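This briefing covers strand pairing, helix packing, the chain contact and the surroundings of a DNA strand. Please read it with the model open.

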Number of protein chains: 2
Amino acid sequence: MSKKHHPAKIEDVAARANVSIMSVSRAIRGVDGVSEKKRREILRIAREMKYVPNSNARSLAVANSNLIGISLPTFAGEVFADILNGMRRTFDSAGYSSVIDTTEYSPEAELSWVRRLLSWQPAGIILTGLDHQPETVDLLRASPIPVLEIWDHTDTPIDICVGIDHYRAGQMIGDHAVSLGYRRPAFVSTPRGHDTRADNRLAGLRDVFARERGTEVLSARPQSGNSFATGFDGTAELLDAGAPDIICYLNDHMAFGGLMCCQMRGLSVPQDLGIVGFNQLDLASVLPRKLTTVRTLRRLMGITGATQLLARINGVPTEKSKPLPLELIPGETTRTQI
Amino acid sequence: MSKKHHPAKIEDVAARANVSIMSVSRAIRGVDGVSEKKRREILRIAREMKYVPNSNARSLAVANSNLIGISLPTFAGEVFADILNGMRRTFDSAGYSSVIDTTEYSPEAELSWVRRLLSWQPAGIILTGLDHQPETVDLLRASPIPVLEIWDHTDTPIDICVGIDHYRAGQMIGDHAVSLGYRRPAFVSTPRGHDTRADNRLAGLRDVFARERGTEVLSARPQSGNSFATGFDGTAELLDAGAPDIICYLNDHMAFGGLMCCQMRGLSVPQDLGIVGFNQLDLASVLPRKLTTVRTLRRLMGITGATQLLARINGVPTEKSKPLPLELIPGETTRTQI
DNA sequence: AAAATGAACGTTAGCGTTAACGTTATTTGA
DNA sequence: TCAAATAACGTTAACGCTAACGTTCATTTT
């Protein structure tokens, strides 16, 4: 425990096994060039000596690493946790480690992290969304490192892209609301520019109501401590300001906050007000009244994204851009007919 | 864009600036040995050339890295996200990157990750809880790398430790329940051995009721898809099996699932049944009925842990073990008096 | 039987950076 | 005024690993 005999290196293993260091290297990496017998012997000795390879030396020699950089806006909420989970499992079993960043929705923070990450010569980089600093894009375009943009969708990604069309999602919600006869829509979100995807969904919703009904979509963007509180406060704000007949939320958690606000004010849902969430989160599974929401396949997205990126890393040709399907889940928090 | 001129190395910057590579190295690292004038000049040129230092080479030369390994059971739920958030912020501003792992509560998965991580010569390693494979402990004890165990608490950590006393938390809940006159307690958790901390809390609760009332604590451990559903299903199971007068849950999310189950069955809380959560999660902030729960300072724990580990990394003497305070928050889901 | 093949292993030369020590100019002190 | 101290650089030798190429020797081919 206190004996600080320097950790064994490949050379020590080689000496102890009476072979050259290259044989040890080959044995450990599992590549050709050593007989099965010797390989087993070497591995046994390496284990005995508690040999731990030095990834820094390896990466320096081969000019790349087994690290994958993953940048997310936040760990809060299930959304990115789900995506991350799907990705991590895939990468993990392929022998990659994840270097993770949270930007708190700041492209500047993202840039400074990308800079730091590039110094590790990672095998791949994953960014959330499409909203990056120009310099981030330049840096990544200039580097040979595969880049995946996840969660959002575009036909012109930095490199490759797996996600959903948030504008379309907004339209789906709008179409559904219009078809049920709603006329005074509102939206609860976080401060503008914070979550670009949510803004895109709102845009889709807006355009549908403008076209079909010629009406505006009111919006509230309170700065509360968490999603639930944001939903609650935003709902209160909208109810005080006007008389929406349907409120759509950035996600199910906010929608739940909204439901609580209605309950507190004695409003009944969906008779007095329609409520629409987004993402079909776990919470919804136990609510007594099924929430109208949009299902997003986040875990699948993570797995798909990771798989595509791995393919790209291994030089297998991949699609530039892969959109994932959306499904509107009609629930009991909106009217069932006009 | 397509011109694949190899990325600039320190040597190229040196040549372009007419100085030795050591001057560039010193300028970039911000250490003594270059005049202010030259340093500015060198930094300007480095920026122009889009020079990105090679961390692998650096780490090989200095035999350590700016990487911190963080192992968590899961990203699901707010708990570890909060801890992680506190830690990441602290590490980030100190120039460290986070290599993150999720074990899904498997000590074997933790071990294989620790092995991989050690090959990067990280500056520090963080593990969640105290429940590790013996080999994990051996490996880490043998290495000179500082190790932080977070979330749980012990006086004999691998290296240092910041967390809460979960057994004590269980006792607190037990004391509170007893003081309010409850007599038939139950507990909803995940399968045994899955979450050791939850098991410790249950043990604390059990011991209090055994001592004070001479009664058992029933438990339900369903394997549902998510915390909310687990709470719901576990509650249903307990209500079918017997007639508990108070149910304690692994966390607030499960408690909410339990509340929903009660609502569905027409049971009123707290008249017919007491409900106690854990962790004081965001959800609770919008519930119409304040949840009885235990506040855990997770973000603070992350910050404190990270700070302690950084101190340890920098050779500053630190306390072996730092317990964080717990506070029982009486709510409206338990009786207010006997 | 000689030549060609190929498996199994070894040698060498980096990969890009920094620690440690050397060198040169410049300032300081008595 | 001249040695001594100091600041500002430069040179060299690792750090631990792997790609690329060499060598050896048992097989196979002709």
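Phe187(A) stands opposite Cys248(A) in E8(A). Four bridges join strand E6 (residues 185-188) of chain A to strand E8 (residues 246-249) of chain A, and the two run parallel. This is a predicted model, in which local features need pLDDT of at least 70 and side-chain atom pairs count only at pLDDT 80 or more, while totals for chains, interfaces and linings use all residues. Residues are numbered from 1 along each chain as its sequence is written, and chains are lettered from A and ligands numbered from 1 in the order in which they are written.

**Sheet of chain A**

- The order E7-E6-E8-E9 describes an open sheet of four strands in chain A, with parallel pairing (two strands pair if DSSP finds at least two bridges between them).
- Helices (H or I, at least four residues) and strands (E, at least two) are DSSP runs, numbered from the N terminus.
- Strand E7 (218-220) and strand E9 (274-276) of chain A are at the edges with a single partner strand each, so one side of each has no neighbour in the sheet.
- From one strand to the next, the twist averages 20°.

**Sheet of chain B**

- In chain B, four strands in the order E7-E6-E8-E9 form an open sheet, and the pairing is parallel.
- Its edges are strand E7 (218-220) and strand E9 (274-276) of chain B, each with a single partner strand, so one side of each is left without a neighbour in the sheet.
- Strand E6 (residues 185-188) of chain B is joined to E7(B) by three bridges, and the two run parallel.
- Val188(B) stands opposite Ala220(B) in E7(B).

**Helix packing in chain A**

- Helix H6 (residues 107-118) and helix H7 (residues 134-142) of chain A have axes that come within 9 Å and cross at roughly 25°.
- H6(A) and H7(A) are therefore roughly parallel to each other (angles under 35 degrees count as roughly parallel).
- Residues of H6(A) in the contact are Pro107(A), Glu110(A), Leu111(A), Val114(A) and Leu118(A), and those of H7(A) are Glu135(A), Thr136(A), Leu139(A) and Leu140(A) (two residues are in contact if their C-beta atoms, placed from the backbone, lie within 7 Å).
- Six residues of this contact of H6(A) with H7(A) are nonpolar, one is polar and two are charged (Ala, Val, Leu, Ile, Met, Phe, Trp, Tyr, Cys and Pro count as nonpolar, Asp, Glu, Lys and Arg as charged, and the others, Gly among them, as polar).

**Contact of chains A and B**

- Chain A and chain B contribute 43 residues each to the contact.
- Among the elements giving two or more residues to the side of chain A that touches chain B are helix H5 (78-93), helix H10 (227-241) and helix H11 (252-265) of chain A.
- That side of chain A divides into 23 nonpolar, 16 polar and four charged residues.
- E2(A) pairs with strand E2 (residues 97-102) of chain B in the antiparallel sense over three bridges.
- Ser98(B) in E2(B) is the bridge partner of Ile100(A).

**Surface near DNA strand D**

- The surface near DNA strand D has 15 nonpolar, six polar and five charged residues.

Terms used
Axes are lines fitted to C-alpha atoms, for helices over the stretch in contact, and angles run from 0 to 180 degrees between N-to-C directions. Angles under 35 degrees count as roughly parallel, over 145 as roughly antiparallel, 65 to 115 as roughly perpendicular and the rest as oblique.
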